[in-house]
Amino acid sequence: MSKEEFSIELAGVIGTIKSYTSDPFIIGYISELKKALENEQMYMAKLIISKLIGWYNEQIEDILVDRYVYNKDAHKKSYQILKNYVTCLT
């Protein structure tokens, strides 16, 4: 996945995560990720994406079984996008 393709998908990833959590750490990571990508800080972007993947690792099962989460497919897609892009950064 190219940086350009990830940039296109980023708004969807951010919106999906924000629809589920108001955790200030996660919201902060999202904000810093946008800045890192805009400023070509790829090491920082990789670090933040790794943190978001870690969060998804802990949350995805709860998300998928929660009857109040209406956008489960969007979460699976967002999680996969993050995993795909971080492998491109390594």
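In the predicted model, Glu32 and Lys35 form a salt bridge in which the closest N and O atoms are 3.2 Å apart. Both residues belong to helix 2, where they are separated by three residues, about one turn of the helix. An α-helix has 3.6 residues a turn, so residues three or four places apart point the same way. Glu32 counts as partly exposed because its relative accessibility is 36%, and Lys35 is likewise partly exposed, at 40%.

In total, three salt bridges are counted. Another of them joins the side chains of Lys76 and Asp73, at 3.4 Å from N to O. These two residues lie in helix 4, again three residues apart. Lys76 is partly exposed, with a relative accessibility of 42%, whereas Asp73 is exposed, at 57%.

A further salt bridge links the side chains of Glu40 and Lys3, with an N to O distance of 2.4 Å. Glu40 lies in the loop between helix 2 and helix 3 and Lys3 in helix 1, so this pair ties together parts that are 37 residues apart in sequence. Glu40 is exposed, at 52% relative accessibility, and Lys3 is partly exposed, at 21%. Glu40 also has a positive phi of about 60°, although it is not a glycine.

A bend of about 50° occurs in helix 3 at Gln59. Gln59 is itself buried, as are other residues of this helix, including Ile48, Leu52, Trp55 and Tyr56. The buried residues of helix 3 pack against helix 1, helix 2 and helix 4.

Terms used: Residues numbered from 1 in each chain as written. Predicted model: local features only at pLDDT ≥ 70, side-chain atom pairs only at ≥ 80, totals over all residues. Heavy atoms only, no water. Bend = angle between axes of the 7 residues up to and from the residue. Helix = DSSP H or I, 4+ residues; strand = E, 2+ residues; numbered from the N terminus. Buried < 20%, exposed > 50% of the residue type's maximum accessible area, 1.4 Å probe, protein only. Contact = heavy atoms within 4.5 Å. Salt bridge = Lys/Arg side-chain N within 4 Å of Asp/Glu carboxyl O.
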